[in-house]
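The exercises below concern packing in a single protein chain. Work each one from the coordinates before reading its solution.

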Amino acid sequence: MPREDAWSAEEIAAIVDTYHQMLVAELGQQRYNKTALNRQLAERLPKRSRSSIEFKHCNISAILRDADCPYVAGYKPRSNYQASLVDCVEQRLLRSDQFNRAAQQAADLPAIESSPETFNNIIVEPPNTSPQVQESPGSYIAKRDYLAREARNRDLGHAGECFVMAYERQRLMALGENKLAGAVEHVAATQGDGAGFDIRSFSDDGSERWIEVKTTAFAMESAFFISPNELRCSREHAAQYHLYRLFNFRKQPHMFCLTGDLNKKLWLEPDSYRAGVKYIV
């Protein structure tokens, strides 16, 4: 099959506009017909195969991921995107007032304590990806604050911790360790945020399991924020330390787990610096 020609500016604009519709609908928890929208898009792009359109959607997801933005469920980020696509996403999606309002509202949306009837199939493998922000001339895309804003959503954070509390108790009870299940402690509630972890649980041998919970309503690959204290705690208490990353929390929560020294498990980039004015002679 011959290789497809480079996408034109008009074709890129068409797919970004369709992606924008899908994303705003999802963020607003509005039902929409993804198949119908893609059928309409394909009619506007007769030169493009279905797989090519799918791949381009995934490229858009990668751009949004690298900008710390939510992206459409089902379009797993695929990097190596082109500068022309970055520029179009910036102009037609990220600068959209409609998208900005929807993303802010999604990040701030309250959450309540809840847990499923069963925790079967909740645990998944960690994503085997790393961010690849493209910095071609004229195509650098600035990060937004939607993920940081969501990380400050106390209702969501508390609901995620309660979800993990219920999971840990059920896990231990399934092992026949009812006494240990009753001893699981919500440290973030009983001792505050300074411990370096949120929940004290146990392994089946009775050893302590210190769990830090990071919750998002967005996708699995979304970046999260971790404090120097949490990193230090994971390094100094690697044998006990666990990080549970909850994602897609509002619709169908799943989580993956990282254990030990997180400095060795995470890519880390500075988010901010504590600063003061130097005395200048």
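**Exercise 1.** In this predicted model, does Tyr-167 count as buried or exposed?

Solution. The relative accessibility of Tyr-167 is 14%. Buried requires a value under 20%. Tyr-167 therefore counts as buried.

**Exercise 2.** Apply the burial criterion to Tyr-244, then classify the pair that the rings of Tyr-167 and Tyr-244 form.

Solution. Step one: Tyr-244 has 3% relative accessibility, so Tyr-244 counts as buried. Step two: the ring centres of Tyr-167 and Tyr-244 are 6.3 Å apart, and rings pair if their centres lie within 6.5 Å. Step three: the planes stand at 75 degrees, and angles over 60 degrees count as edge-to-face. The pair is therefore edge-to-face. Step four: locate the two residues. Tyr-167 belongs to helix H7 (residues 154–174) and Tyr-244 to strand S3 (residues 241–247).

**Exercise 3.** Which residues touch the most other members of the largest nonpolar core, and which helices supply at least two residues of it?

Solution. The core has 41 residues; Val-16, Tyr-19, Leu-64, Val-89, Leu-93 and Phe-99 touch the most other members. At least two residues come from each of H1 (9–27), H2 (34–44), H3 (50–66), H4 (83–94), H5 (97–108) and H6 (146–151). Helix H1 gives the most, ten residues. A second, separate core has 21 residues, among them Ala-111, Phe-119, Phe-163 and Phe-249.

Now take Val-16. Beyond four places in sequence, Val-16 touches Ile-60, Leu-85, Cys-88, Val-89, Arg-92 and Leu-93.

**Exercise 4.** Describe the surroundings of His-57 and the position of the Lys-34 charge.

Solution. His-57 lies in helix H3. Its relative accessible area is 0%, so His-57 is buried. Outside four places in sequence, His-57 is in contact with Ile-15, Tyr-19, Met-22, Asn-38, Leu-41 and Tyr-75. The ring of Tyr-75 also has the charged end of Lys-34 over it, 4.7 Å from the ring centre.

Note on methods: Residues numbered from 1 in each chain as written. Predicted model: local features only at pLDDT ≥ 70, side-chain atom pairs only at ≥ 80, totals over all residues. Heavy atoms only, no water. Core = buried A, V, L, I, M, F, W, Y, C linked by side-chain atoms within 4.5 Å. Buried < 20%, exposed > 50% of the residue type's maximum accessible area, 1.4 Å probe, protein only. Helix = DSSP H or I, 4+ residues; strand = E, 2+ residues; numbered from the N terminus. Contact = heavy atoms within 4.5 Å. Phe/Tyr/Trp six-rings, centres within 6.5 Å; stacked < 30°, edge-to-face > 60°. Lys NZ or Arg CZ within 6 Å of the ring centre and 35° of its normal.
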